[in-house]
Amino acid sequence: MPTLSPAVLPIRRLTPRDVTACADLSEDRGWPREEHKWGLLLAAGQGYGIDAPEGGLSGACVVTDYGPYGRPDLSAIGMVLVASRYARQGVGRRLMRHVVTEAGTTPLTLFATPNGRPLYEELGFKVTGRAEMVRGHFLPDAAEPGVGTRAATAEDLSSILRLDTEVFGSDRTHMITRLPAFADRIRVAYEDGRLIGYAAAWPNMDTHVVGPLVARDTRTAKALVTALAEGGERPLRTDIDVRHEELLAWLKERGLVSVASNAVMTYGITDLPGDWTRRFAPLTVAAG
C-alpha cells in the first residue's frame, strides 16, 4: 500500500504524553530537545501535530491562550517545527493555517526566526517589534547600585499575578501559577510595600533562561537579573525587547553576547497589549 503523505494526514491535538515525540522533532531540526519547556507548553497551552507515517511527528506547534477561559483575548504561537525529511512539503503552512482558522477573531502573536518569517508574512502576520537573545556567564557588577530583592514566596503570588496582568495586558494566571514548579528561582522587588518587579530563572538544557522579567524600570530589572544569577554555575540566556537598549548594553558588559534576533509578529492587532516599558523579557518566546 502507498504511504500517506503528512500533507493529507489529520492534524491532531497533542497532550503531555507527546513530550518525547516533540523533543525528538526539536532534535531532528538541530534545536535542543527542551523537554522541560515542552512539558510546560503542552500543559498550559494546546499543541497541534501531524503524525509521521513511519512514527513520531512530521510537524508540530503550540498555541497558548491568554485572557478569560474559553474567550481568549490573545493567543501566542510557538515551537512551529517540521521534521527535516518533510521540509518544503507544506506541513508547516498547513499547521499554521489550521491555527489561524481555529483562532477565529482572537489576535495572534509569535516570535519569528528569519527562516520562519516569510511563511508568517504570507499568512498575514506583521512585524511589530524585535527581541535579541543574549547568552553567557554573567559577571556581577559590585559598583551597580541595586534595588533590594528577595526570593518569592507563596504570599507574593497574588501581587505577582496583578502586576503581570497589568504589564502583559492579558490574564495569564494559568501560566504564571506554574512558575514555582517550573523555575529554579523566582525573585521579587518591592518598594513601600508595593511589588515593582519580578523575574524567574528556569533550567533549559545547559542554561538558565531568565523570563519573565517584569520591572518598573531598568535599575530594577538589573537588580532582578543580578539576584537570579548569584551563585549559579550555568550560563544565563534571555530574550530582551530591543527597545530596552540600556539593559541590553549592560548585559553585554556583564559577559552575555548576542546569539540570535527574532521578529515579534502579530495578526489581527497592530501591537501587543500591555506596557512594554515594564516588560523586558518573555517567559519564553514560545509562549509570547
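What follows is a walk through the cores and pockets of this predicted model. Residues are numbered from 1 along each chain as its sequence is written. Since this is a prediction, local features need pLDDT of at least 70 and side-chain atom pairs count only at pLDDT 80 or more, while totals for chains, interfaces and linings use all residues; side-chain values use heavy atoms, with hydrogens and water left out.

Let's start on the inside. The largest nonpolar core has 64 residues. Such a core is a set of buried Ala, Val, Leu, Ile, Met, Phe, Trp, Tyr and Cys residues joined through side-chain atoms within 4.5 Å, where buried means under 20% relative accessible area, with a 1.4 Å probe and protein chains only. The members that touch the most others are Ile77, Met96, Tyr120, Phe125 and Leu179. Strand S4 (residues 74–82) gives this core its largest share, 7 residues; strands here are DSSP runs of E, at least two residues, and helices are runs of H or I, at least four, numbered from the N terminus.

Take Leu179 as an example. Setting aside residues up to four places away in sequence, Leu179 touches Ile186, Tyr198, Ala200, Pro212 and Leu283, a contact being heavy atoms within 4.5 Å. There's also a second, separate core of 26 residues, with Ile196, Val225, Ala229 and Val242 among them.

Now for the pockets. On a 1 Å grid over the protein atoms alone, a pocket is an open set of points where a 1.4 Å probe fits, with protein on both sides within 12 Å along at least five of seven lines; lining residues have an atom within 4 Å of a point. The largest pocket comes out at about 1300 Å³. Of its 42 lining residues, Trp31, Val80, Leu81, Thr113 and Asn115 are the closest to the centre. S4 turns up again here, giving the largest share of the lining with 6 residues.

The second largest pocket has a volume of about 300 Å³. Its lining is made of 16 residues, and Ala44, Asp65, Tyr69, Gly70 and His174 lie nearest the centre. Strand S3 (57–66) and helix H6 (173–176) each supply at least two lining residues, with S3 giving the largest share at 4.

One last stop is Asp18, in the loop between strand S1 (11–14) and helix H1 (19–28). Asp18 counts as buried because its relative accessibility is 10%. Beyond its neighbours within four places in sequence, Asp18 is in contact with Arg12 and Leu42.

Key:
Buried means under 20% relative accessible area, exposed over 50%, partly exposed in between (1.4 Å probe, protein chains only). Grid points are joined across faces, edges and corners, and a volume is the space filled by probe spheres set on the points.
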